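These are my notebook entries from a reading of one structure, set down in the order in which I looked things up. The sequence and the model come first, and my notes follow.

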Amino acid sequence: MTIALTEDLLARIDRKIEDAGPAPGLRNLEDRDYVGIRKQLLAGRPRDVWVFAYGSLLWNPCFEFVEERPATVHGWHRRFSLWLTRWRGTRERPGLMLALDRGGSCRGVVYRLPDQDIDAAIDRLLRREMSANPPTNIPRWVSVRGAAGNLRAIAFVADRNGPAYAAGLNEQTTVEILSLAAGHIGSCADYLRRTVVQLEARNIRDATLWRLQGKVAAYLRSLQSGTPLPAPTVEIDYACEG
């Protein structure tokens, strides 16, 4: 099946957005915070360090890896559950990012990191995936299952008590947010398309994301060229920056 969310449709919402910087009053993680998180995460680590990828790490890993395997994590599912008021959203029009949320299962891949420079690789990963303090996108070890058996891998999961957690969104609201939100690094629709493309390339069909990309495509087709974008349908605390 052909992906409905095409690059031509993405061009309808393409626009240059300046980075407004962190929201006023937002606290960011500092160097010592990242060091503490990394040390705690790697304490008692297995001999091989694997990272589970289910979203943007599929197309843009921030580290070198020596092996990639298909894998499934149980007890967690892929969901647009993190608010963004920067990067792929703004304070005026918040966006959404994928995280692992409780329940179900998720198919993705695991990357094995090289034995050398593990600390540096994990530090880059943490700084890419986490910025606000307290964070809502939390690294933890999960059990993943692959053709060669089970192994432990680092994955980022949503803290349902975190300030950037997006709870209780119905599908139509999610579709509208993904269709319209964008920030200085790109749009949420582009994020969705890239994820679906990478999953399909690995013969992974995520039924929810496939349905979302079809509905986002239909929504974008409904927009008239040159007309103002509809007003945002949700309001969030601007301190909730992913």
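**Entry 1: cysteines.** I looked for disulfides, taking a disulfide as a pair of cysteine sulfur atoms within 2.5 Å, and the count by this rule comes to zero. In general terms, a disulfide is a covalent bond between the sulfur atoms of two cysteines. I note that the sulfur of Cys 62 is too far from any other for a bond, because the closest cysteine sulfur, in Cys 106, is 18 Å away. Cys 106 is likewise in no disulfide. I then looked up accessibility, where buried means under 20% relative accessible area, exposed means over 50%, and partly exposed is in between, with a 1.4 Å probe and protein chains only. Cys 62 is partly exposed at 21%, while Cys 106, at 2%, counts as buried.

**Entry 2: what I am reading.** The model is predicted, and local features need pLDDT of at least 70, side-chain atom pairs count only at pLDDT 80 or more, and totals for chains, interfaces and linings use all residues. Residues are numbered from 1 along each chain as its sequence is written, and side-chain values use heavy atoms, with hydrogens and water left out.

**Entry 3: helix H4.** I turned to H4, residues 171-180, bearing in mind that helices (H or I, at least four residues) and strands (E, at least two) are DSSP runs numbered from the N terminus. Is H4 enclosed or open? I found that H4 is largely enclosed by the rest of the structure, because eight of its 10 residues are buried. The buried residues run through Thr 173, Thr 174, Val 175, Glu 176, Ile 177, Leu 178, Ser 179 and Leu 180. Using contact in the sense of heavy atoms within 4.5 Å, I listed what covers these buried residues, which includes strand S2 (67-84), strand S3 (95-112), strand S6 (182-183), helix H5 (188-201) and H6. At the start of H4, a side-chain oxygen of Asn 170 comes to within 3.2 Å of the backbone nitrogen of Gln 172.

**Entry 4: H4 against H6.** Two packed helices are described by the angle between their axes and the distance between the axes. For H4 and H6 (residues 207-222) I noted an angle of about 65 degrees and axes 9 Å apart; the axes are lines fitted to C-alpha atoms, for helices over the stretch in contact, and angles run from 0 to 180 degrees between N-to-C directions. On the H4 side the contact includes Val 175 and Leu 178, and on the H6 side it includes Leu 212 and Tyr 219. By class, this contact has seven nonpolar, three polar and four charged residues, where Ala, Val, Leu, Ile, Met, Phe, Trp, Tyr, Cys and Pro count as nonpolar, Asp, Glu, Lys and Arg as charged, and the others, Gly among them, as polar.

**Entry 5: strand residues.** Asn 137 belongs to strand S4 (residues 137-146), and I found that it is buried, with a relative accessible area of 4%. Its side chain joins that of Glu 129 in a polar contact of 3.4 Å, a polar contact being a pair of N or O atoms within 3.5 Å in which, within protein, one must be able to donate a hydrogen and the other to accept it, and residues adjacent in sequence count only if both atoms are side-chain atoms. Not counting residues up to four places away in sequence, Asn 137 also touches others, among them Tyr 54, Met 97 and Phe 156. Ala 182, in strand S6, is buried at 5%.

**Entry 6: backbone details.** Most residues other than glycine have a negative phi, and most peptide bonds are trans. Which peptide bond did I find to be cis? The bond from Asn 133 to Pro 134 is cis, with omega near 10 degrees, and Pro 134 lies in the loop between H3 and S4. Trp 87 has a positive phi near 75 degrees; Trp 87 sits in the loop between S2 and S3 and is partly exposed at 29%. Asp 117 also has a positive phi, of about 60 degrees, in the loop between S3 and H3, and Asp 117 is exposed at 59%.
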